[in-house]
Each structure stands twice: as C-alpha cells, then as structure tokens.
Amino acid sequence: KSHRKDIYDLLKPDSRMIFAYTISPQSVIDSYEHKTGSLKDRIDAVKKAMENGFTVRLCFDPMIYCSNFEKEYEEMFKEVVDSIDLTRVKDISIGSFRLSSDYLKIMRHKMPDSAICQFPFETNNGTAAFPLVIREKMEKHLMKLLTEYVAEDKIFRLLYLFSLIIFDMTTGSDNVAIVSIKEYVGITKEYKPIASSPTILV
C-alpha cells in the first residue's frame, strides 16, 4: 500500500527478493485503507520499481465487496493496464477480505458503525470471510479481466475453503492455500506449495 519510490534509488535489485504491492480501487482506499498511498501513487511506485530492475508482484487482495464492485474494479484495472506492462510482473495474486473471527469480534465492538466490520461474514476454522457466492463472483470477475493480459500460470488465487480442504505437506496447514487457476479444479492432496522468494510488502 506504499507510495514510496525513493527506496528504489537506495537499493540494488536482487532476484531473490519480491516487492509486493496491494492494488485496490480508489474508493476502497478512501473508505478502508486510510493513510496509505492512492491508487495512482501505488501504480507510480510499481513503475519505478520495475524501471529500476526490481521484481514486482501485484496483489489484488483483499478484495472488498460493494454493490457496484464490477464498476469499481474495472475502473481500477483500466488504470493499472494503462500504466503497467503486466507481462513484466512476476506474478499476480487475487483474494477476498478475510480475518481472524476473534479479531473480528474485537473490531465489531470497537467500530460499531463500520460497514466492513459489521458485514455478515461466514466463519470457519477461526477465519471470517465473505460468503462463497460473493467471493466467487468478485474473484472470477477480476480473473476474467486479468487473463486478457496475463498468462493463467502467473495468476494465483488465495482460497479460503469451506467444503474442500487442501493439505499443505510442508506446513501441515489445512485451512488456506495458494493455488494457480489451473490447479483450482480437481486439486488433490498432492498439492505442493508454490516456491517463493522472500517478499517485501510495500
């Protein structure tokens, strides 16, 4: 969510590091991501990083549901593709808003007027998330936009699974997993976590 560009003049590119940027519609930034970089500033920071030879990941995550989310995310996406060559991005992640159900209880108590905190989330295994029908609608809409510009094997979707459990052989986690679009259907317990470089969230 950072807008800083100066860091890329102070550091040297290293293929072992990935700079990951959260990309959100400006309306979401204004409503929920207070005191963070604007969409334009984030895009400018991504461009600066790539111009200086740094490896970049774009994170369309967390996606926030609103009644006109198609319009909001389409406008955001147009700004992105008008400014960033997506073929030069290492990869892209997609995921909907989710958080610990215990933490959600605290937030609801402290922010009774917050639309996002008071949303009727589904809860499973200690995690609160938008209902499956909403997650599917939002994320598939964005995936459809992305696949017009980016190869499917570069797009990864963070899945919060209620009925299907993916077992991560490395960590033993059976709650969440990152899978590519191609792996989304017919996934088995042979799922292997994606090998990744150290990621710097900016």
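Which residues in H4 meet which residues in H6? Phe 69, Glu 70, Tyr 73, Glu 74, Met 76 and Phe 77 in H4 meet Lys 137, Met 138, His 141, Leu 142, Leu 145 and Leu 146 in H6, where contact means heavy atoms within 4.5 Å. By class, this contact of H4 with H6 has eight nonpolar, one polar and three charged residues. Ala, Val, Leu, Ile, Met, Phe, Trp, Tyr, Cys and Pro count as nonpolar, Asp, Glu, Lys and Arg as charged, and the others, Gly among them, as polar.

The model is predicted: local features need pLDDT of at least 70, side-chain atom pairs count only at pLDDT 80 or more, and totals for chains, interfaces and linings use all residues. Residues are numbered from 1 along each chain as its sequence is written, and side-chain values use heavy atoms, with hydrogens and water left out.

The protein chain has seven helices and nine strands. Helices (H or I, at least four residues) and strands (E, at least two) are DSSP runs, numbered from the N terminus.

H4 and H6 pack at an angle of about 30 degrees, with their axes 11 Å apart. That makes H4 roughly parallel to H6, a label for angles under 35 degrees. Axes are lines fitted to C-alpha atoms, for helices over the stretch in contact, and angles run from 0 to 180 degrees between N-to-C directions.

An open sheet is formed by three strands in the order E4-E6-E5, with antiparallel pairing. Two strands pair if DSSP finds at least two bridges between them. E4 and E5 stand at the edges, each with a single partner strand, so one side of each is left without a neighbour in the sheet. From one strand to the next, the twist averages 25 degrees. Three bridges join E4 to E6, and Arg 98 has Ala 129 in E6 as its bridge partner. Helix H5 (residues 101-110) lies across E4, E5 and E6, at about 90 degrees to E4.

| Element | Residues |
|---|---|
| Helix H4 | residues 69-83 |
| Helix H6 | residues 132-146 |
| Strand E4 | residues 98-100 |
| Strand E5 | residues 122-124 |
| Strand E6 | residues 127-129 |

Ile 23 lies in the loop between strand E1 (18-22) and helix H2 (26-32). Ile 23 is buried, with a relative accessible area of 2%; buried means under 20% relative accessible area (1.4 Å probe, protein chains only). Leaving aside neighbours within four places in sequence, the contacts of Ile 23 include Leu 39, Phe 60, Met 76 and Val 80. Buried residues make up 45% of the 202 residues in the protein chain.

Notes
Parallel < 35°, antiparallel > 145°, perpendicular 65-115°, else oblique. Buried < 20%, exposed > 50% of the residue type's maximum accessible area, 1.4 Å probe, protein only.
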